[in-house]
Amino acid sequence: MSSISFYLNGRQVSPDVEPSTPLLYVLRNELELNGPKFGCGLQQCGACMVLLDGTATPSCMLPVAAAEGKGVVSLEGLAREDGSLHPVQQAFIDEQAVQCGYCLNGMVIHAVSLLDENPDASDSEIRKAMDKNICRCGTHSRILKAIQKARRS
Amino acid sequence: MSTRRTFLKQAGCISIGFSLLGPFSCISEGKGSVMPYSNKEIDPEQIDAWLELLADGRLKVITGKMELGQGISIAVMQVAAEELQVEIDRVSIHLAETGVTPDEGITAGSRSIETSAMNVRRAAACAREVLISMAAEKTGLPVSEMRLENGKIKAGNDEFDWTEIIEGEQISKQVYEPEEIYAKTRRKLVGTPVPRPDLEKMIRGEEFYVQDLRFPGMLHARVVRPPSYKSGLKALEEQNLANTSGFVKLVRKGSFLAVIAEKEYQAIKFQEEINKRCEWESKPIPSTPEELKSYLKSLPANSAIDEERGDWSSASGGKVVKASYSKPYIMHAANGPSCAIAIYENEVLQIWCHSQGVYPLRDTIANMLDLPKEQVYIKGVPGSGCYGHNAADDVAAEAALLAKEIPGRHIRLQWMREEEHAWEPYGSAMIMEHEASLDEKGQIQTWSYELWSDGHSTRPTSGDPANLLPGRYLEKGFGVPGPGWRGGAIRNAPPIYKTGAFKLTSNIFEGPLRISALRGLGAYANVFGIECFMDELAEKAGKDPFEFRLAHLEDERAIDCLKKLKDMTSGVQAETGQGFGIGFAQYKNSASYCAVAALVETSEEETKWAVVKKMWGVIDSGECINPDGLKNQTEGGMIQSASWTLLEQVKWDANGITSLDWETYPMLRFEEIPVVEVEVIDRPEMPPLGAGEAAQGPSAAAVVNAISAATGNRLRDLPVNR
């Protein structure tokens, strides 16, 4: 065991874990977050995405040691201090872009990262980026609408 | 305030008794503690089985159904809120839990609105009438001057809290046929697109899923799986395992093998390590996906003529059309692998899981572990969407087995992606063969349909532990389930269309893979075959697919549904390389009517040669409770069905399942997702009809008919991209 330090949602954390443990398990079990989800453990579905220094990154295979000194933002860290939602989160609510919601974490995190990087992302650029994220309920068309809506706001 | 006794006397409501509900538990209240549990018998005939009037004017609705992402919670809350005149944000819902909610069997078959929501509606309307009559007795004012608003009864200038009327207890009067259903006479909330309240919790990353539950001292488990279904464990090298950091226990019961560790990632590492140290019997899975069609037809089958009607003698000399279609094994493939938590303490087993049927599961787990069912308690907590009977029950049974090994500790069992792909019970493979004749006017004279299929459900509804995956591996050897449910295979097998004569023959085999109920059951393949065959018949008759169907329909609602789809798509022009196709069915021939159209673009590309650009859907579910929820389910069904149809097929070889992740079992992703548009035909005067599975079959047919229109070649074997 050793202590790895990184910034989680703006706060420094130093969980005492094996450095090879994937970040996902540290976030969920040691730091008790619910946002990042276990979907595949293979970086194939995007359910576990977090913002790593601002970029949407799957956390299921990334050793926690790789986050040393970096900034990690999870779904829980997107809302503003007054509790109001991030525009992407709000757009997902406005469009009711959810069925079971298990993929929602990855969808929101990835959309935030995408729009931060490219605020004018075209529809095809959105589709291309979001292709990394799996939704099994078939909520894609609403998710696209939500991201388009957030893009405009 | 009068005492209860004098009040009852004054009120003259002799038939009204009171009860306190059993101890309620709630995941948000229970964090870090052992849940209070109940093994009370819940009488569904009682009003208070379905709702609880809270002191601050809030309403708690109780359902025996599970939230699976289908949005049942908001619909059930809406119907109750309408009858009891409570604002929707003051309504909460309690999902399936043994000893707390009524036993409503399985959350399946698109039945939850038809059953649970209507049970709740009836109970809520009764509760309103009872409250108002009690208030009228109390005040001496006529019932007509009473009104109910957010937990307050307003009578003239007086106002009472509803709990004042019932004195802090609950209405345990029997449910009766209420005089008035507000949803039918007033309809202010029902029929409106109320947003889902659970979305806010999800979007903020609050505790919501069973995967999110944490308990002090909770241990983590993983199961070590055999290479294929029938492999028994021959040997295991256990040396030095116990000395490794984090190791808690190796559990070996017959060929059921699992490991428990302090931390989750340790459990995963142990699972990998033990997997290397195991020696299993080699028990090949017969056949291959490539030869599946001929293999399935060669299997011994339980055959029956399910339906035969009409006049076969008059059919002669017409044009005969024959076609054979097929559908492979496909997966539920939940986004989040199955998960459950269990604790065995003081001879009581408590389980938290995402099962679709907590009561049947309780009884089956009790049988598997030889425990009285009164000592088994299950709370339903949402998981990832399941679309039918996946591994939710299996993981709960396995967690239960493991919890008994370490009493007093919560055991969390999480399946890995590979396990979910390889071990869930799949949607059955089917072969569908049609032969029909047309008369000189192009009307169908005779239609003979013969199908081959696995059964379509091996749910643990009979209490037999063979229906739980670990059941077959334990020393006791509960064996494997029988051939599954025949009724699922013939769902929607009789076409809705008018024919001179019709005959249905079904052959139920036991195929090579583990199967159970997947969204729509046999309806997906049956409607796919029937609706593609209708296009083939239309072509033979020289008719437009819309006109040919309309010429064979008598049901006005079916006709309206297709006509609306025709209107919606009237401006669509298929360009070069594109094709337009339709599909239609009334789900189960008794639930929602659903018509779907697809515009497909084909290209020379080796993969992705057929891309669905757009889909249109029309759905008539009778009285619509929440139009946005209905649209969402239908849109999702259309996209999911397009994915099944274009891409999905479970693969295996003799050594086991080879579709083990999202690369070896691809599904439709964003780049190829069609734009979807759904319209609802609302019929507030009619009963509501089950809707969640209605789009699966029509969508498959629309996609394939569109591809056939684009290419000029009939595709009959799924998936399209083989």
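Predicted model: local features only at pLDDT ≥ 70, side-chain atom pairs only at ≥ 80, totals over all residues.
Good morning, colleagues. A search over the whole structure returns ten cavities of 30 Å³ or more. The largest cavity has a volume of about 730 Å³, and the second largest cavity has one of about 60 Å³.

Let me stay with the largest cavity for a moment. Its lining comprises 44 residues, and those nearest the centre are B:Gln70, B:Gly71, B:Gln633, B:Ala691 and B:Gly692. Two helices of chain B, H2 (72–84) and H16 (627–647), each contribute at least two residues to the lining of the largest cavity. Which element gives the most to that lining? It is H16(B), with five residues.

The lining of the second largest cavity has eight nonpolar, three polar and one charged residues.

I turn now from cavities to pockets. The second largest pocket has a volume of about 780 Å³. It is lined by 36 residues, and B:Gln271, B:Glu272, B:Met416, B:Glu418 and B:Glu419 are the closest to its centre. Four elements of chain B each supply at least two residues of this lining: strand S9 (219–224), helix H7 (264–277), helix H11 (417–423) and strand S29 (656–657). Of these, H7(B) accounts for the largest share, six residues. By class, the lining of the second largest pocket divides into 22 nonpolar, seven polar and seven charged residues.

Next, the domain arrangement. Chain B is divided into domain 1 (4–199), domain 2 (211–282 + 334–423) and domain 3 (426–456 + 491–711). For domain 2 and domain 3 of chain B, the C-alpha centres are 37 Å apart. Their contact draws 14 residues from domain 2 of chain B and 17 residues from domain 3 of chain B.

How much area do domain 2 and domain 3 of chain B bury between them? The value is about 1300 Å², with 52% of it on carbon and sulfur atoms. On the domain 2 side, B:Tyr229, B:Tyr387 and B:His421 supply 48% of the area buried against domain 3 of chain B, more than any other three residues. One salt bridge is found across this interface between domain 2 and domain 3 of chain B. As for individual ion pairs in chain B, B:Arg514 forms a salt bridge with B:Asp394, where the closest N and O atoms are 2.8 Å apart.

Finally, I come to the interface of the two chains. The size of an interface is often expressed as the accessible area lost when the parts come together. Chain A and chain B bury about 5000 Å² between them, and 53% of that area lies on carbon and sulfur atoms. The contact involves 56 residues from chain A and 61 residues from chain B. How many salt bridges does the rule find across the interface of chain A and chain B? There are six. B:Lys263 also forms a salt bridge with A:Glu30, the closest N and O atoms being 2.5 Å apart.

Thank you for your attention.

Notes. Residues numbered from 1 in each chain as written. Chains lettered and ligands numbered in written order. Heavy atoms only, no water. 1 Å grid on protein atoms, 1.4 Å probe; cavity = no way out; pocket = protein on both sides within 12 Å on 5 of 7 lines; lining within 4 Å. Points joined across faces, edges and corners; volume = space filled by probe spheres on them. Nonpolar A, V, L, I, M, F, W, Y, C, P; charged D, E, K, R; others polar. Domains from an automatic or database assignment. Contact = heavy atoms within 4.5 Å. Buried area = accessible area lost by both parts, 1.4 Å probe. Salt bridge = Lys/Arg side-chain N within 4 Å of Asp/Glu carboxyl O.
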